[in-house]
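Please keep the model open while reading.

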Amino acid sequence: MVGYRFPETGADDVTIKILFCGICHSDLHCARNEWGVTNYPIVPGHEIVGTVTKVGNNVSKFKEGDKVGVGVLVASCQKCESCQQGLENYCPNMILTYNSIDRDGTKTYGGYSDLIVVDQHYVLRFPDNMPLDAGAPLLCAGITVYSPMKYYGMTEPGKHLGVAGLGGLGHVAVKIGKAFGLKVTVISTSPKKESEAISKLGADAFLVSSDPAKVKAAMGTMDYIIDTVSAVHSLAPLLGLLKVNGKLVTVGLPEKPLEVPIFALVGARRLVGGSNIGGMKETQEMLDFCAKHNIAADIELVRMDQINTAIERLAKSDVKYRFVIDVGNSKLQ
């Protein structure tokens, strides 16, 4: 583990004892420098849940003992157009929870730790009925799928949503889609996931994307698709599943560019869009929405000394559906 000094609690800061931290696929990409932006050493982790242990003199939103969360960002300029609109996640000077340079010139370190100090503006209140461990992945996976569904109008009850990929993001997208009243079809290369997708997660249907006959029968049947796949893949089959005016929104982050087949877009006035987490107000809205609808991630708890094994398993998609580090019950050296 990287050794570093925790910053002092400033006037606007909240000091948090970390209890749980989800292991996001981004952590894998960053740990292995697959995006080419890693500044070693790093401490990953941006799905952080814990208890407030100290607050600065100017803090009015939180008090000691509150259950809180910290997601993907810990600072922004608060002056640009995006910040003024509550879209801190699109601020050109956004500071990430880890692998970023903070305003004082120091590096930011994430939730694979027992403590974090964050400006109160970027701390989220955890709903009372939200499980702390299974709720942690919502701070990235949850908002990553909730925000585009809201922005692109993918919430109209009775409409047909396809969810491409049934992993950490995809399984949460299924639950949120059903809470919005959508018909949800999981699109996956793995037939063995069908039973769990329907019986456990509540999907209405399952489409094996490697079965040409089934894909052909499903062409032009979906209003929206949210693509959560983080590996390089073709968008053409997904676009073919959309109706006229259908929307395909990608939120997975493959390490290489994807090709967009233009004729599949213009021939049916389809749209391809993207989305990157959400602002602070919307992330709190997402947490409250999930608490109201009893939505949390399906998780496997691991100790700190099991992180390397968990990362290796994550690389093989060997998890249902999100690893969460039980920081509070791990022995830290």
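## Helix α4 against helix α10

Axes are lines fitted to C-alpha atoms, for helices over the stretch in contact, and angles run from 0 to 180 degrees between N-to-C directions. In this predicted model, α4 and helix α10 (residues 280–292) pack with their axes 10 Å apart and at an angle of about 100°. Angles of 65 to 115 degrees count as roughly perpendicular, and α4 and α10 are therefore roughly perpendicular to each other.

On the α4 side the contact is made by Gly 142, Ile 143, Tyr 146, Ser 147 and Lys 150, and on the α10 side by Glu 282, Thr 283, Glu 285, Met 286 and Phe 289. By class, the residues of this contact of α4 with α10 comprise four nonpolar, three polar and three charged.

## Helix α4 against helix α5

Helix α4 (residues 141–151) also packs with helix α5 (residues 168–179), at an angle of about 50° and with the axes 8 Å apart, which makes α4 oblique to α5. The crossing of α4 and α5 is right-handed.

Here α4 contributes Ala 141, Gly 142, Thr 144, Val 145, Tyr 146 and Met 149, while α5 contributes Gly 168, Leu 169, Val 172, Ala 173, Ile 176 and Gly 177. The residues of the contact of α4 with α5 divide into eight nonpolar, four polar and no charged.

## The cavity

The structure holds one cavity of 30 Å³ or more, and about 50 Å³ of space lies in the largest cavity. Among the residues that line the largest cavity are Leu 139, Ile 143, Met 280 and Thr 283. The lining of the largest cavity divides into seven nonpolar, three polar and no charged residues.

Notes. Residues numbered from 1 in each chain as written. Predicted model: local features only at pLDDT ≥ 70, side-chain atom pairs only at ≥ 80, totals over all residues. Heavy atoms only, no water. Helix = DSSP H or I, 4+ residues; strand = E, 2+ residues; numbered from the N terminus. Parallel < 35°, antiparallel > 145°, perpendicular 65-115°, else oblique. Left-handed = near helix turned anticlockwise from the far one by under 90°. Contact = heavy atoms within 4.5 Å. Nonpolar A, V, L, I, M, F, W, Y, C, P; charged D, E, K, R; others polar. 1 Å grid on protein atoms, 1.4 Å probe; cavity = no way out; pocket = protein on both sides within 12 Å on 5 of 7 lines; lining within 4 Å. Points joined across faces, edges and corners; volume = space filled by probe spheres on them.
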